[in-house]
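Open the model in your viewer and keep the selection tool at hand. The stops below go from rings to a pocket.

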Amino acid sequence: MPEQDQPAAARSRAAVVSAAPAAAAEAARAEAERLLADGYSVLLLTPAFGKRKPDPSRGGVHVVEVRVGTSFDSAPGALGKIGRKAVLTTRNARGKALGNPAATWSAADIAVEIGPYLDAFAPDVVVACDKTAEKAVAKVGRAAVAPGKAQSTAKSPEQPSLLIGSNNNAGMGYAWARSVREHAGITARNIQKKSYAFAYGSDIKAEDKDWVDPLWGLARVADTLDTVTHVLSESGLAVFGRLNGGMLADDLPELRRAGIRSGLLFHGSDIRSPDRHIELYKFSPFRAPVSEEDQKLTEVLRGKTDEMAKWVAEFDGPVFVSTPDLIDDVPHATWLPVVVDLEQWTEGTRTPLEREVPVVVHAPSRPFMKGSDLIEPTLRDLESRGLIEYRRLEHIPQAELVGVVQDADIVLDHFVIGNYGVMTCQAMAAGRVGIANIDQRVRDRVPARIPTIQADPDSLGEVIEGVLADRDAARATAAAGRAFVREFHDGRKSAEAVEPWLRG
């Protein structure tokens with residue numbers, strides 16, 4: 001069934017608890033399958049000897065084999081180790097003798113282990129598949145029903161609510177969520193799964209340990225099913241961590257059973273085909289990467305984007321891209337403009353190009369993708385001739401970057417990809433002279449003149465000398481930058497891009 005035709009669905013959650021080991025819990029598994037078919041999202045909790053890792057969702061059921069502990073687990077030092085080993089050894093021997101390992105576990109033992117999972121998943125109903133499980137559920141303060149007795153009740157958020165995750169590249173996930181809240185009046189949050197060198201705002205932050213923790217993932221399922229109507233996946237990433245596998249494709253069955261609509265959002269290298277880029281752009285960095293590292297990166301991107309493109313072709317929800325050049329790779333995509341905080345990125349106090357020797361700033365987050373090696377010989381030559389003062393910035397905190405850009409005269413951004421990105425927008429917001437290689441095919445997709453000066457790696461030196469010869473013309477271009485950013489990149493256009501989908 002197409003994504004846009006999904007009916008509203010029950011969002012109830014059920015936990016099935018069995019005191020039998022997972023391998024022997026056929027009845028519990030059958031109950032979990034019945035509940036799944038009845039519209040529930042299901043957590044199946046079964047005890048196991050020793051340490052077990054949670055399995056990815058099997059057929060839509062979250063299976064967690066909890067390690068049953070002993071009364072010595074919290075004991076300190078050697079006493080705890082010796083006591084735990086003795087008890088577990090005795091249990092194992094007794095279980096084998098009886099042919100029933102579950103006979104060695106008490107309800108109290110099981111309650112200690114299942115409690116955190118029930119708290120995280122917050123099920124609407126708990127099904128106990130045997131007497132020991134029923135007692136364990138009671139010990140954690142919850143009521144249990146017998147197999148076959150649970151009845152699903154329909155529930156769904158009354159108003160649209162968006163969840164964006166889980167990359168937050170350059171803080172854009174957070175910025176888009178905030179824009180949707182402020183300009184469309186729709187609840188929106190973002191998830192950030194990875195750590196960046198500098199802190200970006202995020203509504204929900206997941207450290208690496210959280211991303212693989214089933215407790216974190218189950219809590220995300222609970223929150224999403226209770227509050228979210230739309231999920232916008234950055235780079236095809238999951239929003240439930242590694243609970244189902246780590247990609248949106250793994251979470252989609254559960255999201256769609258709940259009637260939650262899903263869309264895709266791409267930032268650049270996650271969908272940009274190196275081969276297509278070589279065909280379309282003269283200075284493509286993928287044409288002849290020099291370093292072994294960049295050669296390897298090109299091959300990795302070639303494989304990943306090919307696979308992603310195949311999946312996108314089959315995906316039946318909306319697709320958004322953060323920069324207009326990416327429409328080359330996803331022709332049916334909608335442009336979701338990047339957002340610049342105009343309260344943070346204010347105009348510099350110094351008029352650009354008032355200094356005899358202007359300051360030229362280049363701040364490449366990924367030099368290979370910016371063409372830094374191609375333009376720096378020119379910049380070093382200009383500097384050696386006393387025409388400019390060149391500053392290359394790397395690994396600089398955002399708060400510090402603002403001041404540096406505001407103090408610059410000229411800001412250089414993309415020279416090989418062909419688009420314009422966050423840095424160009426920030427420079428325009430600060431009233432600086434922006435110089436970049438923005439391909440005409442990209443400029444044609446923006447319904448206004450982009451107030452930057454065009455240059456490519458071959459012409460950059462001549463262009464900068466021309467700017468120095470006619471400073472008033474360059475200042476006029478810079479003066480138009482802030483209005484352009486306000487029109488396209490203050491968050492209003494971004495909210496407009498997604499609002500029809502959110503309200504549809």
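Start by selecting Arg13 and Phe121. The charged end of Arg13 sits over the ring of Phe121, 5.9 Å from the ring centre. A charge sits over a ring if NZ of Lys or CZ of Arg is within 6 Å of the ring centre and within 35 degrees of the ring normal.

Before moving on, two notes. This is a predicted model, with residues numbered from 1 along each chain as its sequence is written; local features need pLDDT of at least 70, side-chain atom pairs count only at pLDDT 80 or more, and totals for chains, interfaces and linings use all residues. Side-chain values use heavy atoms, with hydrogens and water left out.

Next, select Lys193 and Trp211. Lys193 lies over the face of Trp211, 5.2 Å from the ring centre.

Keep Trp211 and turn to the aromatic pairs. The structure holds seven. Rings of Phe, Tyr and Trp (its six-membered ring) pair if their centres lie within 6.5 Å; planes under 30 degrees apart count as stacked, over 60 as edge-to-face and the rest as tilted. Trp211 has 8% relative accessibility, so it counts as buried; the cut-offs are under 20% relative accessible area for buried, over 50% for exposed and partly exposed in between (1.4 Å probe, protein chains only). Trp216 is buried too, at 13%.

Now select Phe320 and Trp501. This aromatic pair is tilted, with 6.0 Å centre to centre and 50° between the planes. The pair links distant parts of the chain: Phe320 is in strand 10 (residues 319-321) and Trp501 in helix 19 (residues 492-503), 181 residues apart. Helices (H or I, at least four residues) and strands (E, at least two) are DSSP runs, numbered from the N terminus. Buried or exposed, Phe320? Phe320 is buried, at 2% relative accessibility. Trp501 is buried as well, with a relative accessible area of 11%.

Select Trp335, Tyr420, Phe484 and Phe488 together. These residues form one aromatic cluster.

Last stop: the second largest pocket. A pocket is an open set of points on a 1 Å grid over the protein atoms alone, where a 1.4 Å probe fits, with protein on both sides within 12 Å along at least five of seven lines; lining residues have an atom within 4 Å of a point. Select Pro285, Ala288, Val290, Phe368 and Leu374, the closest to its centre of the 17 lining residues. Then colour helix 12 (372-384). Helix 12 gives the largest share of the lining, three residues.
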